Amino acid sequence: MLEHTHEDSGQIHKLVPHRGFNLITGIHSPEEVDRIKNWDVRDSDIFVITYPKSGTIWLQQILSLMEAKGDVTGTQDKMTSERIPWIELIGSEEGFVSSPSPRLRVSHLQYKFMPLGLREGKCKVIYVARNPKDVLVSYYHFHNYAAMLETPKDFNDFFEKFMKGQVYGNCWFEHVKTWYSHRNEMDFLYLTYEEMIQDLQSAVEKICTFLGRTLKEAELAGVVKHSMFTDMKRNPQANYTLVSSSLLNHQRGSFMRKGTVGDWKNYFTVAQNQRFDRVYEEKMRDVPLSFVWDIGDTIPA
Ligand code: PPS
């Protein structure tokens, strides 16, 4: 059954399908999500799109640091999600309308919900994808820690839910494929989590070029330094430490968990891996994308 109710926090959150996409009650409103398509976008708007657990906060950190010219103190006055908010959260429209340019926003939504202007090439879109086996493992841990999501019985239980798309974000394959298939209609940059692990400086430079921003050498160095995993792990903003325990149970996990490639090998059974590979093969057959599955493959020979 797709809908579930849980009350870990005294609050009830349910995963409820809306136009083929699961929304979380109390976090999202179907009416507000439907209004997003009519939002008036500006050429200077920047949207970061991700399937959950693919590097959203990483991009939020990089973009915030770029705005602050690499000076981390310039990013610490506000929570990450206030500096670069989610468009799908209840109440986000007002801030979108009233914010000065450039407006930086993130979203896990499917393509069909997005503002029409974005879909017609106005503004800029950065899509970040991560290998789906590591996404699954990261999302499993997040479900154990986020009070608004159902706690899985065990890893196998979550594996099944992920494979069926019975999570927020729905089917990973559909998300990546649909967004990627529309890339030429938008001003679009496709990035992977693994390329950022492999060479963060090059990834930041790529983002700067895409956005038409020029940073001095020291500014670029600041962006890279403060968006490294070790630095972000110590950063309360990046860990959502200030977010209430009614949303994130900080006793059960941390947002900046492991930050690596290939952790799935510590969780998948041989049978799960074979099954995943079969599904991947079938769903990604016609898609010109490839992923790095092992940390060893991110190190230049
Ligand atoms: S969410 O809930 O969808 O917004 O989560 P998201 O931010 O997309 O993904 C969280 C995972 O990204 C990892 N992360 C990083 N890895 C390496 N380097 C840096 N700087 C970094 N920043 C975030 C974070 O640790 C989560 O992955 P896991 O595998 O759970 O560690």
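**Close-up views of a predicted model**

**View 1. A parallel open sheet of 4 strands.** The strands follow the order E5-E4-E6-E7 and pair in parallel (two strands pair if DSSP finds at least two bridges between them; strands are DSSP runs of E with at least two residues, helices runs of H or I with at least four, numbered from the N terminus). Strand E5 (104-107) and strand E7 (187-192) are the edges, each with a single partner strand, so one side of each has no neighbour in the sheet. The model is predicted: local features need pLDDT of at least 70, side-chain atom pairs count only at pLDDT 80 or more, and totals for chains, interfaces and linings use all residues. Residues are numbered from 1 along each chain as its sequence is written, and side-chain values use heavy atoms, without hydrogens and water.

**View 2. Strands E4 and E5.** Strand E4 (residues 46-50) pairs with E5 in the parallel sense over 4 bridges. Ile-46 is opposite Leu-104 in E5.

**View 3. The largest cavity.** Its space is about 60 Å³ (a cavity is a set of points on a 1 Å grid over the protein atoms alone where a 1.4 Å probe fits but cannot get out; lining residues have an atom within 4 Å of a point; points are joined across faces, edges and corners, and a volume is the space filled by probe spheres set on them). The lining has 11 residues, with His-143, Glu-150, Phe-158, Lys-161 and Gln-166 nearest the centre. Helix H7 (residues 155-164) gives the most to this lining, with 3 residues.

**View 4. The second largest cavity.** Its volume is about 40 Å³. The lining consists of Phe-162, Met-163, Gly-165, Cys-171, Trp-172, Phe-173 and Lys-283. H7 and helix H8 (172-181) each give two or more residues to it.

Definitions and conventions. 1 Å grid on protein atoms, 1.4 Å probe; cavity = no way out; pocket = protein on both sides within 12 Å on 5 of 7 lines; lining within 4 Å.
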